Amino acid sequence: MKNLWQFIKFGIVGVSNTLISEAVYCVLVYFDVPYLLAYFIGFLLSVLNAYYWSNKYVFKEDPGQGGRVWWKVLLKTYVAYFWGFLVSSALLVFWVDIVRLSRYLGGLAEIFANYGFSQFDAGFLGEVLAAGINMLITVPMNYFVNKFWAYKDPKKGN
């Protein structure tokens, strides 16, 4: 039950990470920043958020653990999330440049345009949808890497 509750808390933190990452990504893509650069900047900011809340809320240290070295955990958190970032970036290229999701979203872009949101063209919608799809893979992956490596208590084995 403890692991389930921990995964739920990780999911809650993940929602805030996603909101930060997606908001940064969408704003930067809207202002014509290349999508991979926008994705990387969103990643950097969201992992900093993940570190703060995971350390304080999800993988909270027990009082008798002896104290984590904050910069080591921060570094491990970035490394842990970096693998997810690499997988997600490769998938982003797959969805945007190979599958070309945008070619399937012309009708949806037209609906947005009819309501005055012409900036939500098919290319923009494809890039945003691709980033969303990737979370189905990277969220569980990031949980396990963080739980069993970045925040692992060597005394307990987690």
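Author: Start with one definition. A residue is called buried under 20% relative accessible area, exposed over 50%, and partly exposed in between. Keep in mind that this is a predicted model.

Reader: Is Trp 70 buried or exposed?

Author: Trp 70 has a relative accessible area of 54%, so it is exposed. Trp 70 lies in helix 3.

Reader: Which residues form the nonpolar patch on the surface?

Author: Val 69, Trp 70, Trp 71, Leu 75, Val 79, Phe 82, Trp 83, Leu 86 and Trp 149 form it. Together they have about 910 Å² of accessible area.

Reader: Which helix gives the largest share of the patch?

Author: That is helix 3, residues 70-99, with seven residues. Here is the general idea. An α-helix has 3.6 residues a turn, so residues three or four places apart point the same way.

Reader: Let me step back to the whole chain. How many helices and strands does the chain have?

Author: Five helices and zero strands. From the N terminus on, the elements run α-α-α-α-α. The C-alpha trace spans about 60 × 30 × 25 Å along its principal axes.

Reader: What share of the residues count as buried?

Author: Of 158 residues, 37% count as buried. The accessible surface comes to about 9400 Å². Carbon and sulfur atoms hold 71% of that surface.

Reader: How do I read contacts along the sequence?

Author: Look at how far apart the partners are in sequence. Take contacts between residues at least 6 apart. Of these, 74% join residues at least 24 apart.

Reader: Show me one such residue. Where is Glu 127 found?

Author: Glu 127 is in helix 5, residues 122-150. The cut-off for buried is under 20%. Glu 127 has 17% relative accessibility, so it counts as buried.

Reader: Which residues does Glu 127 touch, leaving out those up to four places away in sequence?

Author: Glu 127 touches Tyr 25, Val 29, Tyr 35, Leu 92 and Val 96. Take Val 29. It is 98 residues from Glu 127 in sequence.

Reader: What does helix 2 pack against with its buried residues?

Author: They pack against helix 1 (2-30), helix 3 and helix 5. The buried residues of helix 2 include Tyr 35, Phe 43, Asn 49 and Ser 54.

Reader: Why does Ser 54 count as buried?

Author: Its relative accessible area is 1%, so Ser 54 is buried. Ser 54 sits in helix 2, residues 35-58. Beyond residues up to four places away in sequence, Ser 54 touches Val 13, Phe 59, Lys 60 and Tyr 151.

Reader: What should I look for in the backbone?

Author: Most residues other than glycine have a negative phi. Asp 32 is not a glycine, yet its phi is positive, near 65°. Asp 32 lies in the loop between helix 1 and helix 2. At 69% relative accessibility, Asp 32 counts as exposed.

Reader: What is the phi of Arg 100?

Author: Positive again, about 55°, and Arg 100 is not a glycine. Arg 100 is in the loop between helix 3 and helix 4 (106-114). At 47% relative accessibility, Arg 100 counts as partly exposed.

Notes
Residues are numbered from 1 along each chain as its sequence is written. This is a predicted model: local features need pLDDT of at least 70, side-chain atom pairs count only at pLDDT 80 or more; totals for chains, interfaces and linings use all residues. Side-chain values use heavy atoms; hydrogens and water are left out. Patches are made of residues with over 30% relative accessible area and no salt bridge: like charges are joined within 9 Å, nonpolar side chains (Val, Leu, Ile, Met, Phe, Trp, Tyr) within 5 Å. Accessible areas come from the Shrake-Rupley method with a 1.4 Å probe; for residues, only the protein chains shown count as cover. A salt bridge is a side-chain nitrogen of Lys or Arg within 4 Å of a carboxyl oxygen of Asp or Glu. Helices (H or I, at least four residues) and strands (E, at least two) are DSSP runs, numbered from the N terminus. Buried means under 20% relative accessible area, exposed over 50%, partly exposed in between (1.4 Å probe, protein chains only). Contact means heavy atoms within 4.5 Å.
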